Amino acid sequence: MTKFITYFNLCPIPEPKEFLGISPDKDEGNIITTLGKNIIIVIKISTQKQIRSWSVLEKLSSKVVYDKKSEKYVGVFGHKALKCWDEKTTDVNKCKKLKFHKHIADLVNCGDDTFVLYVDGSCELLAKAIESRKEDANITTAQQVELSKKLAFTNTAVYNMANGSRILTYFERNNINGDYYLVRVPLSVSGDVTEPPKRFKLLRENLSVTVAGAAVIEGDGVPMLLTIWSDKRMFILNLSDDVCPERSPGNFVSLLTQLKVDSPLSVMGISKHFVAIYGANHGQEGASLLLYNTQFKVIKTKQFFKVYFNYSKLWSVSDHIILAMGQNLSVVKYQVLKEVLSELVGTQVSNDYQTTIEIDHINEEDVMEECLQYSSEIQIPDVDQKDKEEKPLQIQEADGLTIPYMGSQDFDKELNALRQLHLHVDVINDQQLDAVHINLMSNFSDEGFSCSEIQLIAQQLERVGASEHEITEKLLTVLMKANLLPDIGVCLRRYTNISEKILSKTLNFILKKYKAEKESQSKKSNNKDNKVNGQEPMEAEDNDNLDDTLDILAKKPHQKANCSDIETILNTLLACSFDSETIAKCIRQDMEYNEVVVLLEHLYNMLTSEDKYLEERPTLYETSTEFELQVLRWFGVFLNSHFQKLALSKEVALIELLFKWHELFQSYKQEIVDLQQLAALLYNIVERKTHVKEKGSSKWYSIEEVYLF
């Protein structure tokens with residue numbers, strides 16, 4: 001699941017044209033912002049506070065970076081000099097200036113190394129560049145100044161390859177003739193250039209289209225070049241060692257219809273298979289920041305802005321996207337978790353602004369690509385036999401019935417992979433369409449909803465390709481209003497990816513029913529011996545008012561769930577996957593203090609009882625789904641969400657409950673100590689190690705030393 005978490009303005013930009021960029025600081029979570037050619041500020045992103053700053057008299061020509069090896073900040077002044085200083089330096093103007101004969105275009109960070117990129121396209125490690133700066137005395141200043149004015153370098157970065165080597169990539173634009181290149185420079189482990197650089201010209205021959213945006217992103221061990229063109233098409237080129245510059249711009253991927261491509265786009269790769277794109281909205285005012293997945297070719301999440309600025313730049317630091325637009329520097333925190341295939345379906349629901357001619361051309365390209373990839377019969381004319389007439393190339397399109405979309409071997413591999421997941425397969429024969437539909441459910445005990453209307457809604461949502469987030473949000477909202485507790489349990493079991501927001505609301509709803517049922521049972525047990533005139537007390541009528549859209553469900557008779565059934569549904573919800581930080585914020589708003597106390601008692605009873613457990617479910621996060629760990633994660637969520645109220649409470653029942661939890665944790669702590677000793681013994685047994693006695697040791701006698709005073 002990928003999403004934007006927070007958005008806020010970090011600081012203003014005095015002059016956008018003089019803003020040189022940002023780079024990571026030595027401390028994680030801090031960034032070095034070169035706001036102008038004379039202003040350097042280190043800011044902590046989480047608190048938006050200024051840590052330290054410097055002002056310089058001589059103008060900077062590129063962003064300031066922090067070199068981890070020398071533990072110093074490095075800045076380029078006037079393309080021809082370097083200055084290095086530490087965090088304790090108060091006046092950078094007094095630092096020693098290191099002059100270069102070659103003009104410096106940019107400084108690039110890669111882990112602990114810092115590379116110096118020159119205007120002629122060569123690069124060196126910072127330490128080697130400082131040592132060898134005087135060796136290039138024959139280089140004339142006029143040539144370097146001409147190169148500085150002629151060429152502009154952007155998006156410089158170093159990427160690690162699968163074989164351990166590294167490559168330096170940057171975009172080079174010629175300010176005179178407008179030529180646009182991506183330059184790929186191979187680097188060794190020591191940072192030396194191993195081969196001549198490869199130059200990929202960003203041009204599509206015989207077409208009057210221009211590049212709207214370009215970036216290098218991470219792929220499966222090999223970086224990839226992503227380009228967006230003025231005809232809305234996106235291309236990807238694999239930048240492997242054997243790639244040829246003639247293959248630029250690569251293979252056609254998809255169309256970008258959500259943004260205007262005739263206005264400037266800012267593109268930046270942020271993680272593996274993910275790219276951030278900022279641009280003007282298509283057909284309406286404002287701008288948008290998109291997170292695009294290049295592996296599945298879908299837009300995962302969006303951030304809307306009221307105003308679009310022609311000037312914009314993107315940087316990626318840790319899990320934050322730094323966006324400079326207009327005169328503001330903004331931060332968007334994002335989260336990229338384990339990818340779920342169901343979430344990639346239904347995310348492209350948006351207005352399509354393509355013309356009829358564009359659609360025809362795209363359909364022709366798609367048909368040709370499918371034929372070349374999946375067709376089983378391709379007849380090639382025999383050029384050796386001159387007597388026979390040459391037959392044209394005949395390509396039969398794959399229709400899924402006579403000609404498969406994939407080979408039988410590939411299909412068997414995917415089928416075996418599905419069988420290993422222990423999925424429940426529901427086969428439906430459609431006689432009207434003469435076809436077979438196969439539904440794969442992650443829960444093998446899923447028998448569908450008891451309410452036929454809900455079952456119909458769920459099937460329709462699944463058929464149109466809605467994501468599990470959308471399905472669960474709609475179904476659980478209707479089920480809570482209709483008071484269909486059994487079907488809530490079915491929905492929680494049927495779908496895996498449920499948002500923390502709707503999960504919190506559903507937990508609050510179930511818990512109120514659970515609490516009310518327990519109180520009702522206690523009242524009944526207390527009133528059994530207190531009958532008046534042979535009549536039991538009247539129960540309060542349920543006057544729940546449902547919405548007009550739920551009248552059909554409200555009029556239908558539903559079986560009332562008892563306390564045991566509600567507890568089963570509650571345990572089903574507690575087994576669901578969740579993000580602790582996100583759901584804690586939702587629970588703090590949705591649930592009250594009394595409900596949290598009831599849940600803490602319920603979780604304690606689950607850990608101390610032998611007959612209570614949570615059902616196994618697939619997880620979306622890099623966390624364990626074991627019973628005890630899942631319960632302890634929920635315990636931590638409730639403590640964080642209502643910590644202040646729990647700490648200030650003086651209720652005796654709560655204090656006793658917390659003491660029970662304390663004793664339980666102490667027992668776990670002792671078990672961990674015992675298991676550590678047992679683990680050491682097991683390790684020795686596996687490694688076949690025995691205790692070796694010291695040589696010469698004997699128990700027949702002993703020697704004591706006596707000190708006389």
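**Close-up views of the predicted model**

**View 1. A nonpolar surface patch that includes Leu681.** Leu675, Leu678, Leu681, Leu682 and Ile685 make up a nonpolar patch on the surface, with about 510 Å² of accessible area together. Patches consist of residues with over 30% relative accessible area and no salt bridge; nonpolar side chains (Val, Leu, Ile, Met, Phe, Trp, Tyr) are joined within 5 Å, like charges within 9 Å. Areas come from the Shrake-Rupley method with a 1.4 Å probe, and for residues only the protein chains shown count as cover. This is a predicted model: local features need pLDDT of at least 70, side-chain atom pairs count only at pLDDT 80 or more, and totals for chains, interfaces and linings use all residues. Residues are numbered from 1 along each chain as its sequence is written, and side-chain values use heavy atoms, with hydrogens and water left out. Leu681 belongs to helix 15 (residues 652-686); helices (H or I, at least four residues) and strands (E, at least two) are DSSP runs, numbered from the N terminus. Leu681 counts as exposed because its relative accessibility is 53%, where exposed means over 50%, buried under 20% and partly exposed in between (1.4 Å probe, protein chains only).

**View 2. The salt bridge between Arg52 and Glu87.** The closest N and O atoms of this pair are 3.1 Å apart. Arg52 is in strand 5 (residues 49-55) and Glu87 in the loop between strand 8 (81-85) and strand 9 (98-99), so the bridge ties together parts 35 residues apart in sequence. Arg52 is buried at 17% relative accessibility, whereas Glu87 is partly exposed at 33%. A salt bridge is a side-chain nitrogen of Lys or Arg within 4 Å of a carboxyl oxygen of Asp or Glu; the structure holds 15 of them.

**View 3. The salt bridge between Asp231 and Arg204.** Here the closest N and O atoms are 3.0 Å apart. The pair links distant parts of the chain, 27 residues apart: Asp231 sits in the loop between strand 18 (224-229) and strand 19 (233-238), and Arg204 in the loop between strand 16 (198-201) and strand 17 (211-217). Asp231 is buried, with a relative accessible area of 17%, and Arg204 is buried at 10%.

**View 4. Helix 10, a mostly covered helix.** Helix 10 (residues 563-574) has twelve residues and spans 16 Å from first to last C-alpha, close to the 16 Å expected at 1.5 Å a residue. The expected span is 1.5 Å times one less than the number of residues. Nine of the twelve residues are buried, among them Cys563, Glu567, Asn571 and Leu574.
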